[in-house]
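Dear colleague,

Please find below the structure that I am handing over to you. My notes on it follow directly after.

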Amino acid sequence: MEESILCQWSVIRSILAILQWWGFNVTVIIINKWIFQKLDFKFPLSVSCIHFISSAIGAYLVIKVLKLKPLILVDPEDRWRRIFPMSFIFCINIVLGNVSLRYIPVSFMQTIKSFTPATTVILQWLIWKKYFDWRIWASLIPIVGGILVTSVTELSFNMLGFFAALFGCLATSTKTILAESLLHGYKFDSINTVYYMAPFATMILAVPAMLLEGPGVVEWIHTSPSLFSSLVIIFGSGVLAFCLNFSIFYVIHSTTAVTFNVAGNLKVAVAVTCSWLIFRNPISAMNAVGCAITLLGCTFYGYIRHMLSQTPGTPRTPRTPRTPRAITELIPLVNEKLDDKV
């Protein structure tokens, strides 16, 4: 009886974790698009900088003030040798995501972001000569095919937004590939990751944001018809961005890898549906088919990866015993349980 109750509570907890993750993720995406499109605040660098500052403050409060998570101590030398390069990639990833939202619909951006598994595999094979089972390659076919169909039939296609989203996939893949080698020995959760990376990301982005977007932001402040409510939405998006990181930590610890993979792909479908209901961007039938093919391909890819990770004798990339000291030593060391969508 007690085991049955515990099992039911585990299922309920997993469902609640997934729902709150979906809620924060979709809300952040929709609000960011609202900021660019409805508030006419067309400054993705500034929005990204606000997100980094909010996340840094939030992580400090959670770890130092509320003490909800223990702080993972990092040597000062490792902060610059390991954390800073990861923060740079993290910064580029977030900025490219916001730039793509500035120019293309949420549905198209989310579909392109689903290309990340393919870019991860291709980069590891092309640059670091990592071996992959033929089933991994086969699982990428529907992902690539779906992306092609979606791109060709996208009614609101924009070249800058498309390439921003595509290079965002490359940044995400690079972050995933280098995470194990650069952060080897540190078992970071999403909160500690934000605690260390967000301040560096703010430092990297603050000056370019002020130089490139500062005059435009000042002009927007003087011409905005409803300044206070607009600022509340903009800074509120930063708070929600931090809450999203916290929700990722919760959902990872409450679900299995397979459940997380399926939930991640369904999350994309939810985001696409919600964005269409709000912004009414035109979506053709073939565009919707391409998006569906891509999401099914991502689910199949996640299933194949999980199945191979459970198979004895599957070739694995060896781990590095120390901190890399040169670019040639940045060997990809990817934990097979690490999900590409985090």
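Is Phe279 buried or exposed? Phe279 is buried, since its relative accessible area is 12%; buried means under 20% relative accessible area, exposed over 50%, and partly exposed in between, with a 1.4 Å probe and protein chains only.

Please note that this is a predicted model, in which local features need pLDDT of at least 70, side-chain atom pairs count only at pLDDT 80 or more, and totals for chains, interfaces and linings use all residues. Residues are numbered from 1 along each chain as its sequence is written, and side-chain values use heavy atoms, with hydrogens and water left out.

Confidence

The protein has an average pLDDT of 84 (the predictor's confidence in each residue, from 0 to 100), and 88% of the residues score at least 70. Helices here are DSSP runs of H or I of at least four residues, numbered from the N terminus. Over residues 317-342 pLDDT stays under 50, and the model has 64 contacts beyond four places in sequence for them; contact means heavy atoms within 4.5 Å.

Aromatic residues

Rings of Phe, Tyr and Trp (its six-membered ring) pair if their centres lie within 6.5 Å; planes under 30 degrees apart count as stacked, over 60 as edge-to-face and the rest as tilted. By this rule there are 15 aromatic pairs. One of them joins Trp34 and Phe279, whose ring centres are 6.2 Å apart with planes at 50°, so the pair is tilted. Because Trp34 belongs to helix H1 (residues 2-37) and Phe279 to helix H10, the pair ties together parts that are 245 residues apart in sequence. Trp34 is partly exposed, at 34% relative accessibility. The rings of Tyr195 and Tyr196 have centres 5.1 Å apart and planes at 90°, so this pair is edge-to-face; both Tyr195 and Tyr196 are buried. One aromatic cluster is formed by Phe108, Phe157, Phe162, Phe163 and Phe167.

Two charges also sit over rings, a term that requires NZ of Lys or CZ of Arg within 6 Å of the ring centre and within 35 degrees of the ring normal. Lys38 lies over the face of Trp34, 5.9 Å from the ring centre, and Arg102 over the face of Tyr103, at 4.5 Å.

Gln110 lies in helix H4 (residues 106-113) and is buried, with a relative accessible area of 8%. Beyond its neighbours within four places in sequence, Gln110 contacts Ile29, Lys267, Val268, Ala271 and Val272.

Positive phi values

Asp40, in the loop between H1 and H2, has a positive phi near 60° although it is not a glycine. Asp40 is partly exposed, at 44%. Lys129, in the loop between helix H5 (116-126) and helix H6 (134-153), has a positive phi of about 55° and is exposed, at 64% relative accessibility.

Yours sincerely

Methods. Helices (H or I, at least four residues) and strands (E, at least two) are DSSP runs, numbered from the N terminus.
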